[in-house]
Amino acid sequence: MASSSTSSIHKSFKYDVFLSFRGEDTRKNFVDHLYSALQQKSIYTYKDDERIKKGKMISDELIGSIEDSKFYIIVFSKNYASSSWCLDELVKIMECHKTNEHTAYPVFYDVEPTEVRHQKGAVGKAFAKHENEEAAGKWRRVLKEAADLAGWELKNTDDGHEARFIQKIIEEISLDLRSINFNVDEKLVGMETRIKDVLSSLETGFDDVQMIGIKGMGGAGKTTLARAVFNQISFQFEGKSFVENVREVSNSSLSGLNSLQNQVLADVLNDHCINISSVYDGKNMMKKRMQGRKVLVVLDDVDHIEQLEALAGERNWFKPGSTIIITTRDEQVLVAHGVKLICNVSLLSDKEAIFLFNRYAFGREIPIQGYEHLSGQVVRYAAGLPLTVRVLGSFLCGKNEPEWMDVLERLKKIPLLETLKKLELSYIGLEEDYKEIFLDIACILKGSPKELIIKVLQSCGFHARNGLRVLEQKSLITIHYNSDDDEYVGMHDHIEEMGRNIVRRSHPDEPNKHSRLWISNEIKDILVNDQGTEATRSLTFHTLKFNLEVIMKGLRKMKELRFLDVSVEATYESKSVRIPLNRKFNKVSPYFPNAVRYLSWNGYPFSSLPKTFQANNLVSLVMAHSSIAQLWEGGDTKDDTPCSVDESLEVVPLADVTGVPKATKQWAHKITEEPSDQVLDQKYNEVQKLVYQSAQNHQIGF
């Protein structure tokens, strides 16, 4: 059984900092200000109560607090060495410091390091009372050891300005804590490189107000990255606020945005009595109150421009040096708000995904023996998406091998619900026509050339170019280039899975009621049993062997079908050219849905399109490898129909194809017998050039 046990590499401490000081010297001034500054930076600090210092021996409570603190700040003042309590405290501190689990820092408040090191001057005078005590030698030794440590001296730092001096101490401690906290979270796999990418983007012009966007698909780790960056740099700012779930909170009620404004102001100003009554008042107050502080604000999961207008309306709301980090799935929100710096969150590499999965599934860096292959299958399914890796790792933790195998089999049919819910938020926010475009790509067009997808979608009545741009900005699709620099449309496997699930989930056991059909076995069953319905809008069907007349007949009930892509692959191949071996049909089936707008039939076996096919809506006609001799049965002409004839078995003069619009007629050669490879290559290339030229001139669909 896969074990869930873990071992902690780093010890955790109750306190970040322990303050050691002489109360009568510094409790009500320097130490009080230092403690307040530490608290404001959320550095959990132990400062003893005056009442517990009773008697000559330090209490067990105090010893426990020293042992349970990571850092020690020892404030040396003129009378520090006069207190046996402080000196015993220092002995324990230095004992812990030597274990390498703790770090001590001396602060020389109104004395010099040499005075502490050699007990001279004011320190020597204070220590004189202990000369005859048994512990005097031990106390002298720890005073010297502490004075030799790297620390801070007030008079040599910022000309003795206490406020700046304290800020310097806070920054140093924050840096140390940042490093420790980052290392403790061993499940932040691959985050260091991504953090550096964001920070490097912020370096240029950092004295100005910086707005940076972190963009990526749902579950990609945007929030995790923003939180990690926030933790790394927040100590540099005078005020900070991490606002989670902006989309969810702002949409949950009419006062959602107003409550977020209250949160930002309360966090940044450290004033939780603020109560804004309206978004308008909130904008005015934020502009008025935030200008005086250098702040760090993270706005997580923004999905609408009005959210940014309410929470970070203009750069002049903030003091120079402030930084606003915005995470979103929608790049257009950032563009519309004038955000110039945009970082795309990269998915996990295979190595990172495996490492992260092992952390959640096994609590260690490598899988348990016997689970290596199964772990690889899970990671491949996750396809670099951190959310899926974490969810599956946690779910499989502690399960045995048969249970793992059952989970993997289930995932082949039933998508992971938690991932789908997260991803579907991007789909829900789309306008209806963009939803249709998304579903067509997810179910049918993913992986196709961008220009082909645009032609298909435009044929179906969509504003395709803008639609693809919207989907890309919302991280639902990607545009990538092949080796020839041609653009192709891609989509993450889980987003594709999400889109297909949307189509199937209303009628999971009745595919004939789905709006898109792409699974060959389901399509065959629907066509053979004549179960087509008006619900189907798009259908793609590629098969090796099938009764072509059954296909035609089975389409008759799909009256709202707008996209039809059929390919019969019974071919003989010579080099790169396919010679279809389809038998010829003299009889034309009467069944073609009149709603079809894009019709592509690779290997169309009939000599013409059916006369009953009105083609009133037809925009693009693609008949590769077809046996077509005239477009319309009976020789009719429909001049409004653009067509493309390429890679045909019967390569004929388009002038001889009755019904082709005159503008597209070009000469071609008719092959009457099986050609040689050389002749075929020559004629194929000639026809391709002619068809391409015709298509370019008359915007014919391919």
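**View 1. An open sheet of 5 parallel strands in the predicted model.** The strands follow the order β13-β14-β15-β18-β19, and their pairing is parallel. At the edges lie β13 (516-517) and β19 (620-622), each of which pairs on one side only. Strands are DSSP runs of E with at least two residues and helices are runs of H or I with at least four, both numbered from the N terminus; two strands pair if DSSP finds at least two bridges between them. This is a predicted model, in which local features need pLDDT of at least 70 and side-chain atom pairs count only at pLDDT 80 or more, whereas totals for chains, interfaces and linings use all residues. Residues are numbered from 1 along each chain as its sequence is written, and side-chain values use heavy atoms, without hydrogens and water.

**View 2. The pairing of β13 with β14.** Strand β14 (residues 538-543) joins β13 in the parallel sense over 2 bridges. Opposite L539 in β14 stands L517.

View 3. M558 lies in the loop between α26 (548-554) and β15 (563-568). Because its relative accessibility is 1%, M558 counts as buried (under 20% relative accessible area; exposed is over 50%, partly exposed in between; 1.4 Å probe, protein chains only). Leaving aside residues up to four places away in sequence, M558 touches L517, I526, L527, G532, T533, T536, L539 and P593, a contact being heavy atoms within 4.5 Å.

View 4. Over residues 570-584, pLDDT (the predictor's confidence in each residue, from 0 to 100) stays under 50. Where pLDDT is low, the predicted coordinates should not be read in detail.
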